[in-house]
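I opened the model today and kept notes on what I looked up. The entries follow in the order in which I made them.

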Amino acid sequence: MTKYDIIVIGSGPGGYVTAIRASQLGLKTAIVEKESLGGVCLNWGCIPTKALIKSAQVFDYLKHAEDYGLTVKEYDKDFDAVVNRSRNVAAGMSKGVQFLMKKNKIDVLNGFGKVLPKKQVSVLLDGKEKIYQADHIILATGARSRELPSLPQDGKKVIGYREAMTLPKQPKKLIVVGSGAIGIEFAYFYNAMGTEVTVVEYQDRIVPVEDEEISKQLERSFKKAGVNILTSAEVTKVNTKGKGVTATIKTAKGEETLKADIVLSAVGIKTNIENLGLKDVGIAVDRDKILVNDFYQTNLPGYYAIGDVTKGQALAHVASAEGILCVEKIAGHKVEPLDYGNIPGCTYSFPEIASVGMTEAQAKELGYDIKVGKFPFSASGKAQASGTSEGFVKVIFDAKYGEWLGCHMIGAGVTDMIAEAVLGRKLETTGHEVLKAVHPHPTMSEAMMEAVADAYDEVIHL
(Lines give C-alpha, C1' and ligand atoms only; values in the text may rest on other atoms or scores of the structure.)
Protein backbone atom coordinates (compact mmCIF):
# COMPACT_ATOMS: atom_id res chain seq x y z
CA MET A 1 0.00 0.00 0.00
CA THR A 2 1.45 3.38 -1.05
CA LYS A 3 1.94 5.77 1.86
CA TYR A 4 1.83 9.58 1.65
CA ASP A 5 2.25 12.43 4.12
CA ILE A 6 -0.82 14.13 2.62
CA ILE A 7 -3.62 13.01 0.32
CA VAL A 8 -5.97 15.72 -0.97
CA ILE A 9 -9.37 14.63 -2.32
CA GLY A 10 -10.56 17.08 -4.99
CA SER A 11 -8.41 19.21 -7.33
CA GLY A 12 -10.29 22.50 -7.52
CA PRO A 13 -8.68 25.81 -6.47
CA GLY A 14 -8.82 24.52 -2.90
CA GLY A 15 -7.37 21.08 -3.53
CA TYR A 16 -4.65 21.70 -6.12
CA VAL A 17 -3.32 24.80 -4.32
CA THR A 18 -3.24 22.81 -1.05
CA ALA A 19 -1.31 20.00 -2.75
CA ILE A 20 1.26 22.40 -4.22
CA ARG A 21 1.83 24.16 -0.89
CA ALA A 22 2.17 20.78 0.86
CA SER A 23 4.77 19.70 -1.68
CA GLN A 24 6.66 22.99 -1.28
CA LEU A 25 6.81 22.25 2.46
CA GLY A 26 8.54 18.93 1.74
CA LEU A 27 5.52 16.68 2.30
CA LYS A 28 4.99 13.64 0.03
CA THR A 29 1.65 14.50 -1.58
CA ALA A 30 -1.03 12.91 -3.76
CA ILE A 31 -4.24 14.41 -5.13
CA VAL A 32 -7.40 12.49 -6.06
CA GLU A 33 -9.63 13.75 -8.91
CA LYS A 34 -12.64 12.01 -10.45
CA GLU A 35 -12.91 14.31 -13.48
CA SER A 36 -10.61 17.12 -14.68
CA LEU A 37 -7.79 18.79 -12.76
CA GLY A 38 -8.81 22.29 -11.67
CA GLY A 39 -12.29 21.22 -10.59
CA VAL A 40 -15.42 23.27 -11.24
CA CYS A 41 -13.63 26.64 -11.02
CA LEU A 42 -11.20 26.04 -13.88
CA ASN A 43 -13.41 23.77 -15.98
CA TRP A 44 -17.00 24.86 -15.38
CA GLY A 45 -16.96 28.00 -13.24
CA CYS A 46 -14.75 31.02 -12.64
CA ILE A 47 -12.49 30.77 -15.68
CA PRO A 48 -14.75 29.70 -18.60
CA THR A 49 -17.48 32.15 -17.52
CA LYS A 50 -14.96 35.00 -17.70
CA ALA A 51 -14.11 33.91 -21.24
CA LEU A 52 -17.81 34.00 -22.20
CA ILE A 53 -18.20 37.42 -20.55
CA LYS A 54 -15.19 38.79 -22.45
CA SER A 55 -16.77 37.73 -25.76
CA ALA A 56 -19.99 39.48 -24.71
CA GLN A 57 -18.03 42.64 -23.84
CA VAL A 58 -16.26 42.68 -27.21
CA PHE A 59 -19.66 42.22 -28.91
CA ASP A 60 -20.96 45.13 -26.83
CA TYR A 61 -18.03 47.29 -27.96
CA LEU A 62 -18.80 46.49 -31.59
CA LYS A 63 -22.44 47.53 -31.06
CA HIS A 64 -21.25 50.87 -29.66
CA ALA A 65 -18.25 51.43 -31.96
CA GLU A 66 -19.72 54.77 -33.13
CA ASP A 67 -19.48 56.09 -29.56
CA TYR A 68 -15.68 55.84 -29.98
CA GLY A 69 -15.64 57.48 -33.41
CA LEU A 70 -15.27 54.17 -35.21
CA THR A 71 -17.29 52.68 -38.05
CA VAL A 72 -17.79 48.94 -38.10
CA LYS A 73 -20.02 48.13 -41.05
CA GLU A 74 -20.47 44.42 -40.59
CA TYR A 75 -20.22 42.31 -37.48
CA ASP A 76 -22.04 39.33 -36.07
CA LYS A 77 -21.70 36.70 -33.39
CA ASP A 78 -21.04 32.99 -33.72
CA PHE A 79 -22.46 31.45 -30.53
CA ASP A 80 -20.69 28.11 -31.11
CA ALA A 81 -17.34 29.86 -31.58
CA VAL A 82 -17.88 31.87 -28.39
CA VAL A 83 -18.61 28.65 -26.45
CA ASN A 84 -15.62 26.90 -28.06
CA ARG A 85 -13.27 29.73 -27.10
CA SER A 86 -14.47 29.42 -23.50
CA ARG A 87 -13.91 25.64 -23.51
CA ASN A 88 -10.41 26.08 -24.98
CA VAL A 89 -9.48 28.60 -22.28
CA ALA A 90 -10.70 26.13 -19.62
CA ALA A 91 -8.80 23.23 -21.24
CA GLY A 92 -5.61 25.32 -21.31
CA MET A 93 -5.95 26.16 -17.61
CA SER A 94 -6.55 22.49 -16.73
CA LYS A 95 -3.37 21.54 -18.64
CA GLY A 96 -1.59 24.22 -16.64
CA VAL A 97 -2.62 22.47 -13.41
CA GLN A 98 -1.34 19.15 -14.84
CA PHE A 99 2.02 20.85 -15.43
CA LEU A 100 2.05 22.21 -11.87
CA MET A 101 1.36 18.73 -10.47
CA LYS A 102 4.35 17.31 -12.39
CA LYS A 103 6.58 20.25 -11.51
CA ASN A 104 5.81 19.81 -7.80
CA LYS A 105 6.14 16.00 -7.92
CA ILE A 106 2.53 15.43 -6.82
CA ASP A 107 0.98 12.07 -7.69
CA VAL A 108 -2.40 12.43 -9.41
CA LEU A 109 -4.75 9.57 -8.52
CA ASN A 110 -7.61 9.47 -11.03
CA GLY A 111 -10.94 8.21 -9.73
CA PHE A 112 -13.58 8.77 -7.06
CA GLY A 113 -11.97 9.31 -3.65
CA LYS A 114 -13.47 8.16 -0.38
CA VAL A 115 -12.13 8.27 3.19
CA LEU A 116 -11.71 5.08 5.17
CA PRO A 117 -10.89 4.49 8.85
CA LYS A 118 -7.22 4.35 9.96
CA LYS A 119 -6.29 7.30 7.69
CA GLN A 120 -6.82 5.46 4.44
CA VAL A 121 -8.27 6.61 1.14
CA SER A 122 -10.05 4.46 -1.41
CA VAL A 123 -9.85 5.51 -5.08
CA LEU A 124 -12.37 3.89 -7.43
CA LEU A 125 -11.79 3.99 -11.19
CA ASP A 126 -13.66 1.87 -13.75
CA GLY A 127 -14.82 -0.53 -11.05
CA LYS A 128 -11.30 -1.08 -9.70
CA GLU A 129 -10.45 0.08 -6.18
CA LYS A 130 -7.05 1.03 -4.84
CA ILE A 131 -6.29 1.84 -1.19
CA TYR A 132 -3.74 4.45 -0.11
CA GLN A 133 -2.44 5.45 3.32
CA ALA A 134 -1.68 9.00 4.55
CA ASP A 135 -0.77 10.78 7.76
CA HIS A 136 -3.17 13.58 6.81
CA ILE A 137 -6.22 13.47 4.53
CA ILE A 138 -7.73 16.74 3.29
CA LEU A 139 -11.24 16.83 1.81
CA ALA A 140 -11.68 19.52 -0.86
CA THR A 141 -14.59 18.12 -2.87
CA GLY A 142 -16.39 21.43 -3.51
CA ALA A 143 -20.01 21.90 -4.49
CA ARG A 144 -22.49 21.78 -7.35
CA SER A 145 -25.65 23.61 -8.45
CA ARG A 146 -28.40 23.35 -5.83
CA GLU A 147 -31.79 22.08 -6.97
CA LEU A 148 -35.07 23.41 -5.62
CA PRO A 149 -38.09 21.05 -5.40
CA SER A 150 -40.09 23.57 -7.48
CA LEU A 151 -37.29 23.76 -10.06
CA PRO A 152 -36.02 20.24 -10.86
CA GLN A 153 -33.18 20.39 -13.40
CA ASP A 154 -33.47 18.20 -16.49
CA GLY A 155 -30.27 19.53 -18.09
CA LYS A 156 -32.17 20.57 -21.23
CA LYS A 157 -34.90 23.13 -20.46
CA VAL A 158 -34.23 23.66 -16.76
CA ILE A 159 -30.47 23.87 -16.34
CA GLY A 160 -27.68 24.69 -13.87
CA TYR A 161 -24.56 26.81 -14.44
CA ARG A 162 -22.70 23.90 -16.05
CA GLU A 163 -25.14 23.45 -18.94
CA ALA A 164 -25.46 27.26 -19.30
CA MET A 165 -21.84 27.34 -20.51
CA THR A 166 -22.23 24.86 -23.34
CA LEU A 167 -25.75 25.24 -24.75
CA PRO A 168 -25.98 23.78 -28.29
CA LYS A 169 -27.72 26.96 -29.45
CA GLN A 170 -28.37 30.40 -28.06
CA PRO A 171 -31.84 30.71 -26.48
CA LYS A 172 -34.13 33.50 -27.70
CA LYS A 173 -35.65 33.82 -24.20
CA LEU A 174 -34.02 32.91 -20.89
CA ILE A 175 -35.30 33.06 -17.30
CA VAL A 176 -32.56 33.28 -14.66
CA VAL A 177 -33.70 32.28 -11.17
CA GLY A 178 -31.47 33.82 -8.51
CA SER A 179 -29.41 37.00 -8.66
CA GLY A 180 -26.21 36.07 -6.87
CA ALA A 181 -22.92 36.29 -8.77
CA ILE A 182 -23.64 33.23 -10.97
CA GLY A 183 -27.14 34.33 -11.99
CA ILE A 184 -26.07 37.93 -12.67
CA GLU A 185 -23.04 36.92 -14.76
CA PHE A 186 -25.12 34.65 -17.00
CA ALA A 187 -27.89 37.26 -17.22
CA TYR A 188 -25.31 39.79 -18.45
CA PHE A 189 -23.71 37.37 -20.91
CA TYR A 190 -26.93 36.18 -22.55
CA ASN A 191 -28.50 39.66 -22.63
CA ALA A 192 -25.37 41.13 -24.26
CA MET A 193 -25.44 38.31 -26.85
CA GLY A 194 -29.03 39.21 -27.76
CA THR A 195 -31.16 36.83 -25.66
CA GLU A 196 -34.27 38.27 -23.97
CA VAL A 197 -33.44 37.78 -20.27
CA THR A 198 -35.65 37.88 -17.17
CA VAL A 199 -34.07 37.70 -13.70
CA VAL A 200 -36.28 36.36 -10.88
CA GLU A 201 -35.08 37.12 -7.32
CA TYR A 202 -36.77 35.94 -4.12
CA GLN A 203 -35.41 38.86 -2.02
CA ASP A 204 -36.58 42.44 -2.46
CA ARG A 205 -33.49 43.42 -4.47
CA ILE A 206 -30.98 41.84 -6.82
CA VAL A 207 -27.47 40.93 -5.57
CA PRO A 208 -28.98 40.94 -2.05
CA VAL A 209 -25.67 40.34 -0.22
CA GLU A 210 -24.27 43.62 -1.56
CA ASP A 211 -24.70 47.13 -0.19
CA GLU A 212 -28.17 48.45 -1.04
CA GLU A 213 -26.83 51.26 -3.24
CA ILE A 214 -24.90 48.70 -5.31
CA SER A 215 -28.13 46.72 -5.88
CA LYS A 216 -29.94 49.88 -7.03
CA GLN A 217 -27.17 50.82 -9.46
CA LEU A 218 -26.96 47.32 -10.96
CA GLU A 219 -30.73 47.23 -11.41
CA ARG A 220 -30.58 50.60 -13.23
CA SER A 221 -27.71 49.40 -15.45
CA PHE A 222 -29.38 46.06 -16.23
CA LYS A 223 -32.78 47.61 -16.99
CA LYS A 224 -31.09 50.15 -19.30
CA ALA A 225 -29.46 47.18 -21.09
CA GLY A 226 -32.89 45.56 -21.53
CA VAL A 227 -32.88 42.94 -18.77
CA ASN A 228 -36.31 42.34 -17.19
CA ILE A 229 -36.03 42.13 -13.37
CA LEU A 230 -38.60 40.66 -10.98
CA THR A 231 -37.80 41.03 -7.26
CA SER A 232 -39.77 39.64 -4.27
CA ALA A 233 -40.65 36.90 -6.74
CA GLU A 234 -40.54 33.13 -6.67
CA VAL A 235 -40.79 30.43 -9.34
CA THR A 236 -43.39 28.03 -7.89
CA LYS A 237 -43.46 25.54 -10.77
CA VAL A 238 -42.21 24.91 -14.28
CA ASN A 239 -43.88 23.13 -17.15
CA THR A 240 -41.48 21.67 -19.71
CA LYS A 241 -44.11 19.97 -21.91
CA GLY A 242 -44.19 20.98 -25.56
CA LYS A 243 -41.89 23.64 -26.98
CA GLY A 244 -39.86 25.64 -24.49
CA VAL A 245 -40.74 26.00 -20.82
CA THR A 246 -43.45 27.87 -18.91
CA ALA A 247 -42.59 29.20 -15.45
CA THR A 248 -45.24 30.12 -12.89
CA ILE A 249 -43.99 33.08 -10.88
CA LYS A 250 -45.52 34.30 -7.63
CA THR A 251 -45.04 38.04 -7.02
CA ALA A 252 -46.52 40.60 -4.63
CA LYS A 253 -49.13 41.33 -7.32
CA GLY A 254 -50.16 37.69 -7.66
CA GLU A 255 -49.23 34.89 -10.04
CA GLU A 256 -47.97 35.28 -13.58
CA THR A 257 -46.62 32.89 -16.18
CA LEU A 258 -43.55 33.47 -18.30
CA LYS A 259 -42.58 31.52 -21.38
CA ALA A 260 -38.95 30.93 -22.30
CA ASP A 261 -36.70 28.52 -24.15
CA ILE A 262 -34.69 27.76 -21.02
CA VAL A 263 -34.78 28.38 -17.26
CA LEU A 264 -31.39 28.71 -15.55
CA SER A 265 -31.49 27.81 -11.86
CA ALA A 266 -28.83 29.85 -10.03
CA VAL A 267 -30.18 29.54 -6.48
CA GLY A 268 -26.98 28.56 -4.73
CA ILE A 269 -24.89 25.47 -4.28
CA LYS A 270 -25.01 22.02 -2.68
CA THR A 271 -21.85 20.54 -1.16
CA ASN A 272 -20.31 17.35 -2.55
CA ILE A 273 -20.22 15.32 0.66
CA GLU A 274 -22.23 12.25 -0.39
CA ASN A 275 -20.53 8.83 -0.72
CA LEU A 276 -17.28 10.15 0.76
CA GLY A 277 -17.40 7.73 3.69
CA LEU A 278 -17.87 10.51 6.24
CA LYS A 279 -20.48 8.61 8.27
CA ASP A 280 -18.54 5.35 8.28
CA VAL A 281 -15.39 7.09 9.48
CA GLY A 282 -17.32 9.26 11.96
CA ILE A 283 -16.59 12.74 10.61
CA ALA A 284 -19.07 15.29 12.01
CA VAL A 285 -21.35 17.09 9.56
CA ASP A 286 -23.94 19.79 10.25
CA ARG A 287 -26.43 21.21 7.74
CA ASP A 288 -24.56 20.03 4.65
CA LYS A 289 -21.15 21.26 5.92
CA ILE A 290 -18.22 19.35 7.41
CA LEU A 291 -17.44 20.73 10.86
CA VAL A 292 -13.86 21.97 11.28
CA ASN A 293 -11.86 24.13 13.69
CA ASP A 294 -9.92 27.31 12.80
CA PHE A 295 -7.23 25.23 11.10
CA TYR A 296 -9.64 22.92 9.19
CA GLN A 297 -9.18 19.86 11.43
CA THR A 298 -12.36 17.75 11.65
CA ASN A 299 -13.44 16.01 14.85
CA LEU A 300 -11.11 13.12 13.89
CA PRO A 301 -7.31 13.57 14.06
CA GLY A 302 -5.66 13.34 10.63
CA TYR A 303 -8.84 14.23 8.68
CA TYR A 304 -9.34 17.82 7.43
CA ALA A 305 -11.76 19.71 5.16
CA ILE A 306 -11.46 23.00 3.24
CA GLY A 307 -13.40 25.05 0.72
CA ASP A 308 -17.09 24.83 -0.15
CA VAL A 309 -17.66 21.77 2.06
CA THR A 310 -16.96 23.90 5.17
CA LYS A 311 -18.75 26.92 6.63
CA GLY A 312 -16.73 29.79 5.06
CA GLN A 313 -17.75 31.73 1.94
CA ALA A 314 -18.00 29.42 -1.09
CA LEU A 315 -15.37 31.22 -3.16
CA ALA A 316 -12.30 29.93 -5.01
CA HIS A 317 -9.91 32.32 -3.27
CA VAL A 318 -11.27 31.32 0.14
CA ALA A 319 -10.69 27.60 -0.61
CA SER A 320 -7.08 28.33 -1.71
CA ALA A 321 -6.34 30.40 1.40
CA GLU A 322 -7.86 27.73 3.68
CA GLY A 323 -5.83 24.96 2.07
CA ILE A 324 -2.54 26.85 2.38
CA LEU A 325 -3.29 27.65 6.02
CA CYS A 326 -4.27 24.02 6.72
CA VAL A 327 -1.02 22.48 5.41
CA GLU A 328 1.18 25.17 6.94
CA LYS A 329 -0.35 24.32 10.31
CA ILE A 330 0.25 20.59 9.64
CA ALA A 331 3.89 21.42 8.78
CA GLY A 332 4.29 23.14 12.15
CA HIS A 333 4.29 26.74 10.93
CA LYS A 334 2.96 29.50 13.19
CA VAL A 335 -0.26 30.58 11.43
CA GLU A 336 -3.21 32.83 12.25
CA PRO A 337 -6.82 31.85 11.52
CA LEU A 338 -8.31 33.33 8.36
CA ASP A 339 -10.23 36.60 8.76
CA TYR A 340 -13.55 35.83 7.08
CA GLY A 341 -14.60 39.47 7.54
CA ASN A 342 -11.94 40.55 5.04
CA ILE A 343 -12.80 38.34 2.07
CA PRO A 344 -13.50 40.19 -1.19
CA GLY A 345 -16.54 39.22 -3.26
CA CYS A 346 -16.67 39.86 -7.02
CA THR A 347 -19.34 39.70 -9.73
CA TYR A 348 -18.03 39.89 -13.29
CA SER A 349 -21.04 41.30 -15.10
CA PHE A 350 -20.91 44.68 -16.78
CA PRO A 351 -20.77 46.81 -14.73
CA GLU A 352 -18.63 44.68 -12.40
CA ILE A 353 -19.23 44.56 -8.64
CA ALA A 354 -16.55 44.18 -5.97
CA SER A 355 -16.89 44.53 -2.22
CA VAL A 356 -15.21 43.74 1.08
CA GLY A 357 -16.15 44.22 4.71
CA MET A 358 -19.40 45.64 6.08
CA THR A 359 -22.22 47.26 4.16
CA GLU A 360 -23.48 50.62 5.44
CA ALA A 361 -26.53 48.89 6.97
CA GLN A 362 -24.37 46.28 8.75
CA ALA A 363 -22.05 48.95 10.22
CA LYS A 364 -25.06 50.88 11.56
CA GLU A 365 -26.63 47.71 12.98
CA LEU A 366 -23.40 47.03 14.89
CA GLY A 367 -23.64 50.51 16.42
CA TYR A 368 -20.72 52.18 14.64
CA ASP A 369 -20.69 55.95 14.21
CA ILE A 370 -19.64 56.04 10.56
CA LYS A 371 -18.25 58.26 7.86
CA VAL A 372 -19.42 57.34 4.35
CA GLY A 373 -17.79 58.56 1.15
CA LYS A 374 -18.88 58.07 -2.46
CA PHE A 375 -17.28 58.95 -5.74
CA PRO A 376 -19.10 58.40 -9.05
CA PHE A 377 -17.15 57.24 -12.09
CA SER A 378 -19.01 59.94 -14.04
CA ALA A 379 -16.55 62.37 -12.36
CA SER A 380 -13.51 60.23 -13.29
CA GLY A 381 -11.41 61.39 -16.25
CA LYS A 382 -10.26 57.84 -17.05
CA ALA A 383 -13.83 56.48 -16.90
CA GLN A 384 -15.13 59.24 -19.18
CA ALA A 385 -12.27 58.75 -21.67
CA SER A 386 -12.92 54.99 -21.64
CA GLY A 387 -16.67 55.38 -22.11
CA THR A 388 -17.29 53.52 -18.83
CA SER A 389 -18.74 56.19 -16.56
CA GLU A 390 -21.44 54.07 -14.90
CA GLY A 391 -21.11 53.24 -11.22
CA PHE A 392 -19.22 54.46 -8.17
CA VAL A 393 -16.90 53.64 -5.27
CA LYS A 394 -18.35 53.73 -1.76
CA VAL A 395 -16.26 53.58 1.42
CA ILE A 396 -17.30 53.26 5.06
CA PHE A 397 -15.08 54.29 7.98
CA ASP A 398 -15.48 54.22 11.74
CA ALA A 399 -15.70 57.92 12.70
CA LYS A 400 -13.94 57.42 16.05
CA TYR A 401 -10.77 55.52 15.06
CA GLY A 402 -10.73 55.82 11.26
CA GLU A 403 -10.94 52.03 10.79
CA TRP A 404 -11.87 51.04 7.22
CA LEU A 405 -15.09 49.08 7.79
CA GLY A 406 -16.19 48.41 4.23
CA CYS A 407 -15.66 49.17 0.56
CA HIS A 408 -18.22 48.66 -2.23
CA MET A 409 -17.72 49.33 -5.92
CA ILE A 410 -19.68 48.98 -9.12
CA GLY A 411 -18.19 49.88 -12.49
CA ALA A 412 -15.67 48.86 -15.12
CA GLY A 413 -12.66 46.94 -13.81
CA VAL A 414 -13.56 47.23 -10.12
CA THR A 415 -12.79 43.55 -9.47
CA ASP A 416 -9.13 44.47 -10.05
CA MET A 417 -9.39 47.50 -7.74
CA ILE A 418 -10.85 45.88 -4.62
CA ALA A 419 -7.48 44.41 -3.53
CA GLU A 420 -6.44 47.88 -2.34
CA ALA A 421 -9.23 47.82 0.24
CA VAL A 422 -8.48 44.21 1.26
CA LEU A 423 -4.79 45.01 1.79
CA GLY A 424 -5.57 48.32 3.51
CA ARG A 425 -7.94 46.62 5.94
CA LYS A 426 -5.42 43.79 6.57
CA LEU A 427 -2.78 46.39 7.46
CA GLU A 428 -5.31 48.25 9.67
CA THR A 429 -4.96 51.43 7.65
CA THR A 430 -7.01 54.53 8.39
CA GLY A 431 -8.94 56.81 6.06
CA HIS A 432 -6.29 59.54 6.34
CA GLU A 433 -3.54 57.12 5.27
CA VAL A 434 -5.47 56.09 2.15
CA LEU A 435 -6.15 59.75 1.42
CA LYS A 436 -2.46 60.65 1.63
CA ALA A 437 -1.33 57.68 -0.50
CA VAL A 438 -0.90 59.27 -3.95
CA HIS A 439 -2.96 57.48 -6.60
CA PRO A 440 -1.96 57.68 -10.28
CA HIS A 441 -3.84 59.94 -12.70
CA PRO A 442 -5.77 59.22 -14.85
CA THR A 443 -6.91 55.85 -13.52
CA MET A 444 -10.10 54.25 -12.28
CA SER A 445 -8.26 53.69 -8.98
CA GLU A 446 -8.29 57.43 -8.24
CA ALA A 447 -11.98 57.00 -7.46
CA MET A 448 -10.93 55.09 -4.33
CA MET A 449 -8.89 58.03 -3.03
CA GLU A 450 -11.66 60.47 -3.99
CA ALA A 451 -14.33 58.40 -2.21
CA VAL A 452 -12.19 58.43 0.95
CA ALA A 453 -11.71 62.18 0.53
CA ASP A 454 -15.50 62.53 0.28
CA ALA A 455 -15.91 60.67 3.59
CA TYR A 456 -13.61 63.23 5.23
CA ASP A 457 -15.07 66.29 3.43
CA GLU A 458 -11.90 66.81 1.41
CA VAL A 459 -13.07 65.68 -2.02
CA ILE A 460 -11.67 67.75 -4.90
CA HIS A 461 -13.51 66.61 -8.02
CA LEU A 462 -17.13 66.68 -6.88
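Entry 1: I started at Glu234, whose bridge partner in E13 is Lys250. Before going on, I noted that this is a predicted model, in which local features need pLDDT of at least 70 and side-chain atom pairs count only at pLDDT 80 or more, while totals for chains, interfaces and linings use all residues. Residues are numbered from 1 along each chain as its sequence is written, and side-chain values use heavy atoms, with hydrogens and water left out.

I also wrote down the terms: strands (E, at least two residues) and helices (H or I, at least four) are DSSP runs numbered from the N terminus. Two strands pair if DSSP finds at least two bridges between them. E12 and strand E13 (residues 245-251) run antiparallel and are joined by five bridges. I then found that they belong to an open sheet of three strands, ordered E12-E13-E14 with antiparallel pairing. Its edge strands are E12 (234-239) and E14 (254-260), each of which pairs on one side only. On average, neighbouring strands of this sheet are turned by 25° against each other, direction ignored; the angles run from 0 to 180 degrees between N-to-C directions, and axes are lines fitted to C-alpha atoms, for helices over the stretch in contact.

**Entry 2: a hairpin.** I looked at strand E4 (residues 112-116) and strand E5 (residues 120-125), which pair in the antiparallel sense over five bridges. Val115 stands opposite Val121 in E5. Three residues lie between the strands of this hairpin, and Lys118 takes a positive phi near 60°.

**Entry 3: two helices.** I checked helix H3 (residues 46-63) against helix H6 (residues 181-192): their axes come within 9 Å and cross at roughly 40°. H3 is therefore oblique to H6 (under 35 degrees counts as roughly parallel, over 145 as roughly antiparallel, 65 to 115 as roughly perpendicular, and the rest as oblique). Among the residues making the contact are Leu52, Ile53 and Phe59 of H3 and Phe186 and Phe189 of H6; contact means heavy atoms within 4.5 Å.

**Entry 4: one residue.** Is Thr347 buried or exposed? I found Thr347 in strand E20 (residues 345-347). Thr347 is buried, because its relative accessible area is 3% (buried means under 20%, exposed over 50%, partly exposed in between, with a 1.4 Å probe and protein chains only). Not counting residues up to four places away in sequence, Thr347 touches Ala181, Ile184, Glu185, Glu352, Ile353 and Thr415.
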